Amino acid sequence: MTTLRDEVTTDPLGRGYAGMTDQQLVDDLNAPVRTRERTTMSAGEIMEHIDTAEFAALTDANKARVDRVLGLGADVIIGPGNAHSAVQEFLATFGGGSATLTALTASRDEVISRATEIGVGTVTHHTLKMESLR
């Protein structure tokens with residue numbers, strides 16, 4: 001848990017930890033106010049972003065490309081920066097201005113807490129006392 005101790009003592013984002021009460025610190029670290037780009041998504045989540053009309057308008061060959069992506073299972077690579085990601089495959093299949101690609105791209109951003117971002121899970125009063133932070 002030195003990660004948590006380092007976060008609180010150095011306050012790298014200037015969140016003002018030193019002036020916070022225990023409750024404020026716990027609340028601040030657990031508040032879902034940070035974002036990160038997901039790198040994987042399940043095939044089911046991807047399917048939820050496919051526009052039905054756009055899919056129906058695809059050629060049989062492009063429908064097969066979509067089915068191939070959906071057949072990849074639980075951890076489908078969605079990027080960013082991966083030339084072989086589902087997003088890249090859908091860009092080639094649906095086109096850049098499609099509702100499907102727009103929805104899939106938007107869903108890559110997820111809101112997380114600072115505690116999750118630094119990899120310590122949920123912070124509690126007990127955690128603060130165990131780490132001798134308070």
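Me: Is Gly71 buried or exposed?
Reply: In this predicted model, Gly71 sits in the loop between helix 5 and strand 3. Its relative accessible area is 65%, and the cut-off for this class is over 50%, so Gly71 counts as exposed.

Me: What distance separates the C-alpha atoms of Gly71 and Gly119?
Reply: Along the chain, Gly71 and Gly119 are 48 residues apart.

Me: How far apart in space are Ile77 and Thr39, C-alpha to C-alpha?
Reply: Ile77 belongs to strand 3, and with a relative accessible area of 40% Ile77 is partly exposed. In sequence, Ile77 and Thr39 are 38 residues apart. From C-alpha to C-alpha, the distance between Ile77 and Thr39 is 5.9 Å.

Me: How are helix 5 and helix 6 oriented to each other, roughly parallel or roughly antiparallel?
Reply: Two packed helices are described by the angle between their axes and the distance between the axes. For helix 5 and helix 6, the axes lie 10 Å apart and the angle is about 165 degrees. Since angles over 145 degrees count as roughly antiparallel, helix 5 and helix 6 are therefore roughly antiparallel.

Me: How many charged residues are there in the contact of helix 5 with helix 6?
Reply: On the side of helix 5 the contact involves Asn62, Arg65, Val66, Arg68 and Val69, which meet Ala86, Glu89, Phe90, Ala92, Thr93 and Phe94 in helix 6. Sorted by class, this contact has 6 nonpolar and 2 polar residues, and the number of charged residues is 3.

Me: Which residues of helix 7 make the contact with helix 6?
Reply: The axes of helix 6 (residues 86-94) and helix 7 (residues 99-106) come within 9 Å and cross at roughly 165 degrees, which makes helix 6 roughly antiparallel to helix 7. Helix 6 passes helix 7 in a left-handed crossing. Helix 6 contributes Val87, Phe90, Leu91 and Phe94, while the residues from helix 7 are Thr100, Leu101, Leu104 and Thr105.

Me: How many residues of the contact of helix 6 with helix 7 are nonpolar?
Reply: The residues of this contact include no charged ones. Of the remaining classes, 2 are polar, and the number of nonpolar residues is 6.

Me: What arc around the axis do the buried residues of helix 6 cover?
Reply: The buried residues in helix 6 are Ala86, Val87, Glu89, Phe90, Thr93 and Phe94. They lie on the same side of helix 6, because the arc they cover around the axis is only 160 degrees.

Me: Which strand is included in what covers the buried residues of helix 6?
Reply: The cover for these buried residues includes several helices, among them helix 3 (43-48), helix 4 (52-57), helix 5 (60-70) and helix 7. It also includes a strand, namely strand 3 (76-77).

Me: Where does Gly95, with its positive phi, lie?
Reply: Phi of Gly95 is about 100 degrees, a positive value.

Me: What is the phi of Asp11?
Reply: Asp11 is in the loop between helix 1 (2-10) and helix 2 (22-30), and its relative accessibility of 17% makes Asp11 buried. Most residues other than glycine have a negative phi. In Asp11, however, phi is positive, near 45 degrees.

Terms used: Residues numbered from 1 in each chain as written. Predicted model: local features only at pLDDT ≥ 70, side-chain atom pairs only at ≥ 80, totals over all residues. Heavy atoms only, no water. Axes fitted to C-alpha atoms, helices over the stretch in contact; angles between N-to-C directions. Helix = DSSP H or I, 4+ residues; strand = E, 2+ residues; numbered from the N terminus. Parallel < 35°, antiparallel > 145°, perpendicular 65-115°, else oblique. Left-handed = near helix turned anticlockwise from the far one by under 90°. Contact = heavy atoms within 4.5 Å. Nonpolar A, V, L, I, M, F, W, Y, C, P; charged D, E, K, R; others polar. Buried < 20%, exposed > 50% of the residue type's maximum accessible area, 1.4 Å probe, protein only. Arc of directions from axis to C-beta.
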